[in-house]
Every structure is written in structure tokens, then in C-alpha cells.
Amino acid sequence: MSIQSLIPTYICDIAPYQGGKPISEVAREHHLEESSIVKLASNENPLGMSPKAREVILKSIDQIYRYPDGNAFRLKNAVSLKFNLHPESLIFGNGSNDILELASRTFLKVGDEVIFSQHAFAVYSLVTQAMGAIGVKVPAKDFAHDLAKMFAAISPKTKMIFIANPNNPTGTLISKEELKTFLTKVPSHIIVVLDEAYDEYLEIENKSESFSWLSQFSNLIISRSFSKAYGLAGLRVGFGVSDPEIIQFMNRVRQPFNVNSLAQDAAVAALMDEAFVSESKILNNNGKKQLESAFQRLKLSFIPTFGNFISFKVDKAPQVYEALLKAGIIVRPVANYEMPDYLRVSIGLKEENERFIQALEAII
Ligand SMILES: *Cc1c(COP(=O)(O)O)cnc(C)c1O
């Protein structure tokens with residue numbers, strides 16, 4: 001008897017998630033000092049975390065022996081106040097990845113179809129496959145979601161649609177008008193999960209205003225993250241917003257203590273620290289210009305981005321990736337996103353971007 005024969009085929013077939021390489025691993029493998037390594041591989045906030053969040057974490061640390069608040073009462077109130085949302089329309093997750101998984105575990109059964117775009121965030125296909133549901137990958141248009149084709153892919157078996165806006169790793173954005181028209185057309189028995197992990201980086205005119213659509217679309221689940229602009233990736237906290245009835249069912253499959261106490265407290269503080277988020281956004285806009293002009297100078301094509309990362313095209317991407325590692329710069333290969341000729345670089349501090357540009361120029 002083999003272990004594999006005990007495991008459903010759809011689980012055996014899951015390709016493991018490939019994350020950004022940790023600094024410690026690159027230091028070990030390439031005999032480099034950790035402090036000399038620049039990690040631009042996981043779209044983390046190069047400014048670190050909000051100083052206010054840090055202060056709160058230090059204060060909260062002595063409470064770690066206690067279980068966290070399973071209902072995230074304070075955090076729920078803070079999010080509800082900030083975004084003018086009903087507390088019952090909120091659910092919190094161990095990162096927004098948890099929200100994506102809770103959505104799939106609540107709604108999907110074996111054989112259901114789930115639509116997402118080619119080049120879309122890898123977690124959609126993972127959480128789909130983990131439920132024995134069938135991922136329907138729709139070809140992208142110029143690397144972006146093709147909503148017309150995604151609509152055409154709807155079948156009687158379709159249960160869910162995932163949309164990343166902006167998308168990672170392409171950085172592409174769907175306009176709010178287009179997105180709203182799409183939602184209006186999708187039948188209400190199909191759940192639409194709208195992943196807005198990078199919303200804080202958008203200019204006001206590009207934001208989708210999706211929260212204001214919830215009253216109109218009872219099949220909409222929006223996810224937000226504290227991992228990017230809020231700078232709390234290591235704590236794992238995100239949230240979902242939807243119709244209270246949906247939230248109530250999602251809560252049934254949620255682990256009772258899925259968001260740890262430090263994460264809850266830090267998220268409240270980070271949410272209030274608007275100065276930090278706007279500083280992060282300004283830094284990101286400047287870094288974007290810096291990287292874009294370098295790519296232009298080096299005659300490398302790139303996908304214009306709405307996020308805190310840029311995917312750029314380069315000959316022999318796997319070799320360039322390895323050579324960058326050797327130089328102590330970690331970026332992200334995106335071959336598993338069907339983009340074998342591209343690498344994705346997170347937008348870092350000015351000096352980090354500069355080191356990346358210099359290393360890249362030397363390599364090519
Ligand atoms: C980074 C990212 C997330 C955030 O995941 P967390 O679990 O909140 O850290 C979600 N969706 C997309 C598209 C991302 O790139």
C-alpha cells in the first residue's frame with residue numbers, strides 16, 4: 001500500500017506553492033552576509049511596519065500566553081469604522097490567503113468549476129484544487145484579466161470566479177466601470193471573490209469602490225490584506241467583506257483562533273496609521289519611476305504596474321535570476337505563472353532598487 005493511494009488524486013496533483021526565496025537561504029547557499037542581501041521577491045513593504053504597530057506589538061507581547069479573541073472584536077470595530085462597513089459583514093483571516101481558502105471551503109465541492117485568469121495569483125488554483133473543484137483558466141489579454149472571455153467561460157457547473165485587482169504578478173488593473181458591468185452580468189448564484197491586496201497603492205481615481213457595491217451584489221466577497229502597504233506580512237492578517245449571510249457560513253469553517261493576538265492588535269494600530277500608508281505609497285510611486293526608467297534605459301520591456309512590483313522581460317530569465325541571487329539580489333521567477341521570459345521585482349527602497357538595477361545591468 002502506498003501513502004499516495006490514500007490521498008485524493010486532486011490533492012496529489014497540486015503543484016507546491018513557490019514563494020520568494022528567504023534571505024537566510026540565499027545567504028547560506030551563496031556564502032553571503034544576510035545584511036548584504038536585498039530581497040525584492042515577495043512584495044513586502046520596504047519601509048517595514050508602521051512604528052505604531054511596532055509599539056503595540058511590544059505592549060501586547062505579555063498577553064501571548066492567552067488565546068486571542070476568536071471574534072477579533074477590536075479589529076472588527078476598527079475596520080468597520082474606517083471603511084463604514086457593518087461589523088457582521090466582516091471576517092478576519094490568517095492573511096488574506098486564509099479568506100480565499102475560507103471562501104473555497106465554504107462554497108466548493110468536488111466537480112464545481114472555478115474561473116480565474118491566466119497569470120492570476122497562484123493561490124486561486126491551489127484553493128480550488130484542494131477542494132476537488134475544477135480550475136478553468138481563461139487566457140489573458142495583454143497579461144490582464146479578459147472579463148469578456150471570463151464571462152463566456154461560465155457554464156452550468158461554475159460556482160466561483162476569482163479576480164485579482166490589481167493582479168499579481170502582472171500588476172494589471174481592471175477599471176471600476178468594467179468590473180461593475182461584469183458583476184452586473186454574472187448570475188447571483190456564482191460567487192465572485194475580488195482580491196484587492198494592493199488597493200492601498202492605487203490612486204484614488206483608480207480605486208474600485210467595491211465596498212459600496214456590496215449592497216447590490218450579494219454574491220460578492222472582497223478580500224483585503226495587511227501584508228502589503230500595512231507592512232505586516234509576517235504576522236498574517238487580512239479580512240474579507242461580504243453579505244452577512246455569507247460571512248456567517250464562512251465563519252463555520254474558520255478555525256476559532258485563526259488570527260493571533262499580536263496580529264489583531266498590530267492591525268488595529270496599522271489601520272489608524274494613515275501617515276505610514278501614504279508614505280509607503282509615495283515611496284512606491286517614486287520607486288516605480290526609478291525602475292521604469294532603468295528598464296527603458298536597458299531596453300527591457302515591462303508590464304506597466306498598479307502594484308508594488310514590476311514584471312519585466314529578459315533573455316534567459318532563469319539564468320538572470322540565478323546571477324542576481326549570486327549578487328545578493330532576490331527577485332521572483334514567474335515561469336509557474338506561464339511567464340517564463342519574465343522576472344518580477346518588488347519595488348524597494350531607492351538604494352535597494354539601485355543595487356538591483358546595477359546588478360541587472362552588469363548581468364545582461
Ligand atoms: C500578496 C497577495 C495577497 C496577500 O496575501 P496575505 O495572505 O494577505 O499575505 C493576496 N492576493 C494577492 C494577489 C497577493 O499578491
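I take contact to mean heavy atoms within 4.5 Å. Helices are DSSP runs (H or I, at least four residues), numbered from the N terminus.

**Ground rules.** I am working with a predicted model, where local features need pLDDT of at least 70, side-chain atom pairs count only at pLDDT 80 or more, and totals for chains, interfaces and linings use all residues. Residues are numbered from 1 along each chain as its sequence is written, and side-chain values use heavy atoms, with hydrogens and water left out.

**H3 and H10.** I looked up which residues meet here. Lys 52, Ala 53, Val 56, Ile 57 and Ser 60 in H3 meet Leu 262, Asp 265, Ala 266, Ala 269 and Ala 270 in H10. I sorted the residues of this contact into seven nonpolar, one polar and two charged. For the classes, Ala, Val, Leu, Ile, Met, Phe, Trp, Tyr, Cys and Pro count as nonpolar, Asp, Glu, Lys and Arg as charged, and the others, Gly among them, as polar.

Next I checked the axes, which are lines fitted to C-alpha atoms over the stretch in contact, with angles from 0 to 180 degrees between N-to-C directions. Those of H3 (residues 51-60) and H10 (residues 261-272) come within 8 Å and cross at roughly 150°. That makes H3 roughly antiparallel to H10 (the term covers angles over 145 degrees). The crossing of H3 and H10 is right-handed, meaning that the near helix is turned clockwise from the far one by less than a right angle.

**H5 and H6.** I found that the axes of H5 and H6 come within 9 Å and cross at roughly 35°. This crossing is right-handed too. Asn 97, Leu 100, Glu 101 and Ser 104 in H5 meet Val 123, Tyr 124 and Val 127 in H6. By class I noted four nonpolar, two polar and one charged.

**Largest pocket.** A pocket is an open set of points on a 1 Å grid over the protein atoms alone, with protein on both sides within 12 Å along at least five of seven lines; lining residues have an atom within 4 Å of a point. I noted a volume of about 650 Å³ for the largest one, volume being the space filled by probe spheres set on the points, which are joined across faces, edges and corners. Its lining has 33 residues, with Tyr 17, Asn 97, Phe 121, Lys 228 and Arg 236 nearest the centre. H5 (96-107) and H6 (123-130) are the elements that give two or more residues to this lining. H6 gives the most, with five residues.

**Cavity.** I found one cavity of 30 Å³ or more (a set of points where a 1.4 Å probe fits but cannot get out). The largest cavity has a volume of about 40 Å³.

Terms used
Parallel < 35°, antiparallel > 145°, perpendicular 65-115°, else oblique.
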